[in-house]
Amino acid sequence: MASSSNKFQVPFAGKWSDFSIADDGTKYVPEPKGIKEHREIWESQVLIPFAIDKNVYAFGGPIPDDMNLTREVDEIFPCLETCEPRIFDSKPYNFEYMLTNYKPFRSHPYYGNNLYLTWLDRIEQSFGKFWKDYGIFELIQFSRIGPKYQPEMLIAAMHFFEKSTNTFHFKSGMMTPTLFDVSAITGLRPTGKTYSPDDVSDNITLNYKENAFSAYILKHSGPENEEVSDEEHVAFLTLWLSHYVFCSRSLQIARKFIPMAVQIHEGCHFALGRLLLATLYESIGEVCDNLKGLVPAKSKSKKAATDGCFQAAGPMWLLQLWLNATFEKELGLFIPTEHHASIAKRKVEGTRLIRLQPNPLEQNSQQLFMKYMKIFLTIDQFKPEHAPFVKRTIGPSWFVKEIPVLNPNAEEEINETWTAYLDPTILSIRIGTLSSEYALIGYQPNLVSRQFGFTQLRPKSMYIRKKNIVLGTTVTSTLYERYMKISRDNVYGFEPFDFNLSYYCTQEFANWWR
């Protein structure tokens with residue numbers, strides 16, 4: 001890991017006197033130009049300096065190498081399947097899944113449940129300090145009020161999702177929730193070891209038959225006059241993880257979260273933020289397949305793909321908060337005045353985003369859906385407000401620290417954090433112990449460099465062959481371990497330097513995307 005004392009400096013990709021100006025007045029940054037030795041360095045770095053009029057900015061790297069600029073890559077990147085969503089089909093569109101009696105987001109958490117809130121208050125009295133030390137206190141507080149799902153907004157946005165890149169494709173370019181967004185919204189770190197249910201100890205055993213929400217709470221919550229036991233804390237965390245964090249497809253409390261709850265209770269740290277984002281990508285991808293009619297013939301969801309109906313499980317609350325943050329202005333969201341005082345004291349951005357809501361217009365689901373579709377279709381320019389967290393004014397101490405780090409004692413931690421944000425890699429989706437739980441998904445932050453305040457290059461694809469693409473589907477344990485080892489052993493370089501925020505792109509990127 002490089003130090004801020006600049007033991008190694010990435011060569012500048014260019015020093016220009018001014019931007020390139022297109023006929024329509026758009027400013028573009030020239031493409032990196034340099035000798036072979038410099039290009040080889042840029043192919044290995046996630047942050048590449050350049051200067052315009054003596055002001056230093058950063059490209060989001062790495063730059064593509066020769067293997068990335070082939071016809072084979074062009075056929076799979078940036079879109080694996082050229083398949084328009086059914087909303088663009090000439091046939092009448094089936095809006096059945098938006099009707100109130102269908103509820104595609106049936107896994108939406110129950111917020112404001114008095115039984116749960118009473119239990120939460122009881123557990124917090126005993127374990128609140130532990131939650132803060134572990135880094136999940138603010139996220140647990142989300143379960144008190146939670147974000148209200150806007151189904152029409154979520155479904156409209158997911159029409160633009162491309163699961164091979166795990167990004168939304170808008171006219172302006174690709175955009176997506178990143179590990180940086182997860183940290184800003186929830187306070188979860190982007191680092192840590194990959195979660196494995198096999199790492200659980202046998203110190204605590206949790207068995208239950210009452211797995212319905214209310215019955216589960218009544219079974220496991222202890223009397224007011226007794227201390228909270230280790231078993232009760234694990235039982236609470238199991239419900240919280242199943243229902244409020246990962247939003248299991250089953251409305252019952254999923255047992256597969258018990259090992260995770262035990263590990264948290266025992267203070268065993270793992271990459272919860274990475275697992276959360278990976279699960280969100282997988283969940284959006286499943287809905288995307290239904291919207292595009294791409295569900296495999298043998299899938300149990302085949303009916304959903306043909307009649308316009310589907311079930312959306314997973315942490316869609318995170319997608320809702322990301323949409324609220326990224327497109328707050330376009331979506332016309334506002335915060336009621338009664339919440340202004342409380343959000344001013346927020347520790348993470350999610351506390352504010354939860355309170356954002358659309359103007360209460362008298363429109364039915366179909367009208368709202370078409371309204372949001374038109375909004376997303378008109379996003380033809382990346383604006384600074386589409387990177388709402390880049391100034392990092394709110395969040396944990398490790399999140400708000402400036403880079404490069406001046407304090408040598410904090411340098412390694414912060415550099416590791418930023419490497420995790422910016423390194424294209426493979427993420428694990430494994431939660432349970434079954435063989436069907438081994439699954440992987442791609443994370444490519446270099447496709448959305450402007451969300452970090454960097455200039456967007458024509459990006460490098462993480463995959464050069466179709467067979468290598470991981471789409472969240474089940475793999476063998478052997479293949480899983482092989483991919484995870486490759487991702488651990490192949491990390492791009494991060495050499496921090498002082499730079500100004502930028503939201504530009506190169507002309508080559510604009511032409512390629514157009």
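Okay, let's start at D53, which sits in the loop between strands β4 (47–52) and β5; helices and strands here are DSSP runs numbered from the N terminus, helices being H or I with at least four residues and strands E with at least two. Bear in mind that this is a predicted model, where local features need pLDDT of at least 70, side-chain atom pairs count only at pLDDT 80 or more, and totals for chains, interfaces and linings use all residues. Residues are numbered from 1 along each chain as its sequence is written, and side-chain values use heavy atoms, with hydrogens and water left out.

D53 isn't a glycine, yet its phi is positive, about 55°. Most residues other than glycine have a negative phi, and most peptide bonds are trans. N166, also not a glycine, has a positive phi of about 55°, and it's in the loop between β6 and β7.

So, buried or exposed? D53 counts as exposed at 53% relative accessibility, while N166 counts as buried at 2%. Buried means under 20% relative accessible area, exposed over 50%, and partly exposed in between, with a 1.4 Å probe and protein chains only.

Now the cis peptide bonds. One runs from G61 to P62, omega near 5°, with P62 in the loop between β5 (55–60) and α2 (71–74). Another runs from I403 to P404, omega near -5°, and P404 is in the loop between α16 (397–400) and α17 (408–422).

Last stop, helix α5, residues 151–158: seven of its eight residues are buried, among them M153 and L154.
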